[in-house]
Amino acid sequence: MASESRLYAFSPETREKLRKFRLGTSRAKEPQAVIYIIDSKSQEIRPEDGEVYTKMEDLADELPESSPRFILLSYPLTLGSGRLAVPYVMLYWLPENCNPSQRMMYAGAVELMRNSAEVNRVIEVETDEDITGIEAKLQSED
């Protein structure tokens with residue numbers, strides 16, 4: 001574990017963005033998602049483009065078909081009990097035809113990203129349908 005955390009880094013700005021996103025989305029009325037990448041040269045984990053996605057279809061369209069990504073997602077929903085909840089999770093985008101070296105790079109950073117972003121759950125997603133159907137998965141596991 002300790003060696004993994006030395007492999008990958010977060011800039012102070014990225015740490016601040018992680019904190020602001022977590023705090024700022026807890027009362028959101030619509031889904032909020034941000035895509036994170038690992039820069040293969042610097043080994044820094046950072047937001048891909050700073051865009052906040054509110055529609056799962058738009059998010060799915062942005063994800064590459066052959067390389068992994070981390071997605072922080074705050075998703076307001078009404079539970080079966082009628083209670084409003086805003087699960088804050090990390091989606092681990094791992095498409096089937098992933099580049100093996102990138103797969104390994106992201107696999108080594110999952111726990112660091114999870115802990116740094118302070119998410120409760122990591123959900124592995126492989127297809128656009130996994131993204132657009134995420135509400136059902138969030139409902140079923142809460």
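Me: Which strands does α2 lie across, and at what angle does it run to β1?

Reply: α2 lies across β1, β2, β3 and β6, and its direction makes about 160 degrees with that of β1. Axes here are lines fitted to C-alpha atoms, for helices over the stretch in contact, and angles run from 0 to 180 degrees between N-to-C directions. Helices (H or I, at least four residues) and strands (E, at least two) are DSSP runs, numbered from the N terminus. Please bear in mind that this is a predicted model, in which local features need pLDDT of at least 70 and side-chain atom pairs count only at pLDDT 80 or more, while totals for chains, interfaces and linings use all residues. Residues are numbered from 1 along each chain as its sequence is written, and side-chain values use heavy atoms, with hydrogens and water left out.

Me: And α5, what does that touch?

Reply: α5 packs on the sheet, where it touches β1, β2, β3, β6 and β7, and its direction makes about 160 degrees with that of β6.

Me: Back to α2: which of its residues are buried, and which are exposed on the face turned away?

Reply: T14, L18 and F21 are the buried ones, where buried means under 20% relative accessible area, exposed over 50% and partly exposed in between, with a 1.4 Å probe and protein chains only. Seen down the axis of α2, these buried residues fall within an arc of 70 degrees, so they line one face of the helix; the arc is that of the directions from the helix axis to the C-beta atoms. The face turned away from the buried side carries the exposed residues P12, E13, K20 and G24.

Me: What's the strand order in the sheet?

Reply: The sheet is open and has five strands in the order β2-β1-β3-β6-β7, with mixed pairing, two strands being paired if DSSP finds at least two bridges between them. β2 and β7 stand at the edges with a single partner strand each, so one side of each is left without a neighbour in the sheet. From one strand to the next, the twist averages 30 degrees.

Me: How does β1 pair with β3 and with β2?

Reply: β1 and β3 pair in the antiparallel sense over five bridges, with A33 opposite L73. β1 and β2 are also antiparallel, over three bridges, and there I37 stands opposite R46.

Me: Is β1 buried or exposed?

Reply: Seven of the seven residues of β1 are buried, so the strand is largely enclosed by the rest of the structure. Both of its faces are covered, with Q32, V34, Y36 and I38 on one side and A33, I35 and I37 on the other.

Me: Switching topic, which residue in the hairpin of β1 and β2 has a positive phi?

Reply: Q43 does, near 65 degrees, in a hairpin with six residues between the strands. Most residues other than glycine have a negative phi. E118 has a positive phi as well, of about 60 degrees; this residue is found in the loop between α5 and β7 and is partly exposed, with a relative accessible area of 46%.

Me: Last one: where is Y75, and what does its side chain pair with?

Reply: Y75 is in the loop between β3 and β4 and is buried, with a relative accessible area of 9%. A polar contact of 3.0 Å joins its side chain to that of E135, a polar contact being a pair of N or O atoms within 3.5 Å; within protein, one must be able to donate a hydrogen and the other to accept it, and residues adjacent in sequence count only if both atoms are side-chain atoms.

How values were computed. Contact means heavy atoms within 4.5 Å.
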